[in-house]
Amino acid sequence: MTKHITVKCLEKTYASMTPMSLGIADLGCASGQNTLSSIREMVEAIDETSSKLSNTAPPEYRVYLNDLYTNDFNSLFKNLPDFYNELKNKRHLQRPEYDSSIYIAAYPGTFYGRLFPDKCLHFVYSFSSLHWLSMVLTSKELLSEGRMVLMFLGRRNQSHVDRGNSLLWELLSQSFALLVAQGEIEQEKFDEYDTHFYAPSRNELEEEIKKEGSFVIDHFEFFETELKHNACVSYGTIVAKTTRAIQESMISNHFGQRVLDNLFENYGRLIDEELVKADISPVNFIIVLKKI
């Protein structure tokens with residue numbers, strides 16, 4: 001749903017700067033196939049854009065993959081040889097002169113501090129990971145110039161209570177409570193796990209961006225997540241798997257791996273039970289920020 005916006009912004013950024021070395025960062029990269037498929041789409045888009053610019057060869061690509069220290073970067077990098085070969089062959093079929101290098105590196109760490117060297121990035125994107133941001137990033141840490149594409153949960157306006165987002169959070173809490181009642185998690189351990197969730201409104205985001213002063217809003221829209229039912233897999237199971245991908249490292253670090261399967265099995269079941277009563281449509285924002 002957001003790929004076309006991301007790719008278009010990257011193309012616009014490159015066309016306005018045409019750097020010989022293009023720096024891209026993925027904040028919250030995870031370790032699944034989407035990580036590398038996103039990189040492939042971006043490289044192919046910039047290759048095409050460079051071919052439209054007279055006498056412009058494709059840039060070298062520097063991709064910085066960031067996630068928590070507990071992210072499985074090893075499994076991600078094991079797929080790199082096949083990824084490089086497939087992409088190289090495809091690029092050469094399109095244009096034999098596509099021989100610019102692609103450098104992919106891991107930058108593990110949290111949003112609580114500095115992640116990257118000065119002025120090394122042109123384009124930053126983050127999908128559903130900035131919920132955990134609790135320390136203000138300065139523009140110097142991110143971009144010398146260029147754009148950021150951010151996607152995260154929000155609500156339509158300040159007075160609107162987003163039932164979809166808040167309910168999903170509440171159901172996860174209930175899933176933990178079930179494990180406490182069953183004796184699989186100690187109450188004290190559960191009480192110590194203090195994670196906060198806040199879905200901002202568009203006005204709030206615009207105010208914060210204006211207050212920080214380093215960016216202007218290039219694009220801003222919201223969309224509801226569609227409930228896609230599968231004949232073999234319930235919607236609750238799909239949401240549970242998605243949530244597990246985002247939160248597993250934090251939960252296992254605090255409670256241990258053994259609670260994960262039962263926790264998210266409970267979570268998926270509770271979501272399906274809630275869907276019988278009423279519809280759940282979480283709201284997502286996608287924002288493109290351009291460095292001033």
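A polar contact is a pair of N or O atoms within 3.5 Å, where, within protein, one atom must be able to donate a hydrogen and the other to accept it, and where residues adjacent in sequence count only if both atoms are side-chain atoms. The views below show a predicted model, in which local features need pLDDT of at least 70 and side-chain atom pairs count only at pLDDT 80 or more, while totals for chains, interfaces and linings use all residues. Residues are numbered from 1 along each chain as its sequence is written, and side-chain values use heavy atoms, with hydrogens and water left out.

**View 1. Ser38 and the backbone oxygen of Asn34.** Ser38 belongs to helix H2, where helices (H or I, at least four residues) and strands (E, at least two) are DSSP runs numbered from the N terminus. The side chain of Ser38 reaches the backbone oxygen of Asn34 at 2.9 Å. With a relative accessible area of 19%, Ser38 is buried; buried means under 20% relative accessible area, exposed over 50%, and partly exposed in between (1.4 Å probe, protein chains only).

**View 2. The salt bridge between Asp47 and Arg91.** A salt bridge is a side-chain nitrogen of Lys or Arg within 4 Å of a carboxyl oxygen of Asp or Glu, and a search of the whole structure finds 13 of them. In this one, the closest N and O atoms of Asp47 and Arg91 are 2.7 Å apart. The pair links distant parts of the chain, with Asp47 in helix H2 and Arg91 in helix H4, 44 residues apart. Asp47 is buried, at a relative accessible area of 1%, and Arg91 is buried too, at 4%.

**View 3. The salt bridge between Lys90 and Glu44.** The side chains of Lys90 and Glu44 meet at 3.0 Å, N to O. This pair also links distant parts of the chain, since Lys90 sits in helix H4 (residues 80-94) and Glu44 in helix H2 (residues 33-52), 46 residues apart. Lys90 is partly exposed, with a relative accessible area of 39%.

**View 4. Arg244 and its salt-bridge network.** Arg244 and Asp261 meet through their side chains in a salt bridge of 2.9 Å, N to O. Because Arg244 lies in helix H8 (residues 235-255) and Asp261 in helix H9 (residues 260-277), the pair ties together parts that are 17 residues apart in sequence. Arg244 is partly exposed, with a relative accessible area of 21%. Salt bridges that share partners join Arg244, Glu248 and Asp261 into one network.
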